[in-house]
Amino acid sequence: MRLAISPLRNMVDALHDGARPGGDGARERWWASARRHIPHRAIPIVQLINAHPRFIPLPLVPYVPSASDDVDAELGALEASDGDRLGTEIALYLARAGLTRPPHALLRLRDGGRREIRDLTAAMRALFAACMADNWDTMRATLRRDIAARTEQAASLGLAAATGALHTGIHWNSVEGAFAIPVTGLNSDARVGLGGRGLVLTPSVFGLDQVLPVLADDRQPTLVYPARPAAVLERGTGDGLATLIGHGRARALRAIRGGCTTGELASRLGVSAPTASEHATALRAASLITSTRHGQRVRHTLTDLGDTLVTANPTSGVGRWPSRP
């Protein structure tokens, strides 16, 4: 697993309309200023970005194998893109998005050649310079703090815990070597198989309120996730455990201390039984709890690692439950 910052991905997400975690106030304040500076030549790009409420054409986020937060490196990769590969990625986008009337600019790029690729690169460069460049240093600092926190989390708790804390509902299946990711509008989870290629995690400062898998034959599997607000990442926020594994998982881990069933956990947290079961599954995958079935009930207890984390991260205001024999 590696973490990488993509300037173009952040620009695309910032320009994409949709629900943001914790409300979209920050994005709206940025957008109120940025929208006045969109170059005329880049208007078709903004329309293309918003052609679908969830899917984004892969050519707009070129894959740079070496981790880089340099926009010039990404624009260079975009300009050097192979026309056939670009056409394949656009066809994949159209198949997934199911657009009845795809944007003309997208079809022209799919059927074009070097000239269309150069025009796209020039428009993306102008768009970044006009809308993102002035704020990029601040945004990049936020993304770097997020990456530092995720790296520490992965080193302490492993890949399953690091990815499971990105968003509610993500699960790592070590047998299949794949992640299950809930996808809005689908009845079943999306499966992201690594196939021995590793995983790239990419934070997005204005990311939509979901985790998006980026899958293509010539790319490493990538998960784009909404970066946590800077205030959550800084020291002294009062709950190191919540910073490490997320507030929901931290509450669940503390609630399990002393042992409890899934039903008892749901009652202690004030959540539904399926949500309590999700928390337990994620904590078990991170080796923070063990679960034992007793008849119709499943009882959860902390592992030594889980107990150490809870003990090392006390916080006021967290309910305490009596130990059970």
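**Close-up views of a predicted model**

**View 1. An open sheet of 3 strands has the order 8-10-9, and its pairing is antiparallel.** Strands (E, at least two residues) and helices (H or I, at least four residues) are DSSP runs, numbered from the N terminus. Two strands pair if DSSP finds at least two bridges between them. Strand 8 (260-261) and strand 9 stand at the edges with a single partner strand each, so one side of each has no neighbour in the sheet. Helix 14 packs on the sheet and touches strand 9 and strand 10. The direction of helix 14 makes about 125° with that of strand 9. Such angles run from 0 to 180 degrees between N-to-C directions, and the axes are lines fitted to C-alpha atoms, for helices over the stretch in contact. Contact means heavy atoms within 4.5 Å.

This is a predicted model, in which local features need pLDDT of at least 70 and side-chain atom pairs count only at pLDDT 80 or more, while totals for chains, interfaces and linings use all residues. Residues are numbered from 1 along each chain as its sequence is written, and side-chain values use heavy atoms, with hydrogens and water left out.

**View 2. Strand 8 and strand 10 (residues 297-302) run antiparallel and are joined by 2 bridges.** Cys260 has His300 in strand 10 as its bridge partner. Thr261 stands opposite Arg299 in strand 10. Cys260 counts as buried because its relative accessibility is 0%. Buried means under 20% relative accessible area, exposed over 50%, and partly exposed in between (1.4 Å probe, protein chains only).

**View 3. Strand 9 and strand 10 form a hairpin with 2 residues between them.** The two strands run antiparallel and are joined by 6 bridges. Arg293 stands opposite Val298 in strand 10, and His294 stands opposite Arg297. In the turn, Gly295 has a positive phi of about 65°.

**View 4. Ser287 lies in the loop between helix 14 (273-285) and strand 9 (289-294).** Most residues other than glycine have a negative phi. Ser287 is not a glycine, yet its phi is positive, at about 65°. Ser287 counts as partly exposed because its relative accessibility is 44%.

**View 5. The rings of Phe128 and Trp136 form an aromatic pair.** A search of the whole structure finds 3 aromatic pairs. The centres of the Phe128 and Trp136 rings are 6.0 Å apart and their planes are at 70°, so the pair is edge-to-face. Rings of Phe, Tyr and Trp (its six-membered ring) pair if their centres lie within 6.5 Å; planes under 30 degrees apart count as stacked, over 60 as edge-to-face and the rest as tilted. Phe128 and Trp136 are both buried. Elsewhere, ring pairs link Trp30, Trp31 and Phe206 into a cluster.

**View 6. The largest nonpolar core has 46 residues.** A nonpolar core is a set of buried Ala, Val, Leu, Ile, Met, Phe, Trp, Tyr and Cys residues joined through side-chain atoms within 4.5 Å. The residues with the most contacts inside this core are Met11, Leu15, Trp30, Met124, Leu127 and Met132. Helix 7 (residues 114-131) gives the largest share of the core, 7 residues. Another core, of 22 residues, lies apart from it and includes Leu244, Ile245, Leu269 and Ala276.

**View 7. Trp30 is in contact with several residues beyond its neighbours within four places in sequence.** These are Ala14, Leu15, Cys131, Met132, Asn135, Met139 and Phe206. Among them, Cys131 is buried, with a relative accessible area of 4%. The structure holds 0 disulfides, a disulfide being a pair of cysteine sulfur atoms within 2.5 Å.

**View 8. Helix 1 (residues 7-15) is mostly covered.** In this helix, 9 of its 9 residues are buried. They include Pro7, Arg9, Asp13 and Leu15.

**View 9. Asp69 is found in the loop between helix 3 (43-49) and helix 4 (71-79).** Asp69 is buried, with a relative accessible area of 18%. Asp69 and Ser6 are 63 residues apart in sequence and 5.6 Å apart in space, C-alpha to C-alpha. Leaving aside neighbours within four places in sequence, Asp69 is in contact with Ile5, Pro7, Trp136, Arg140 and Arg144.
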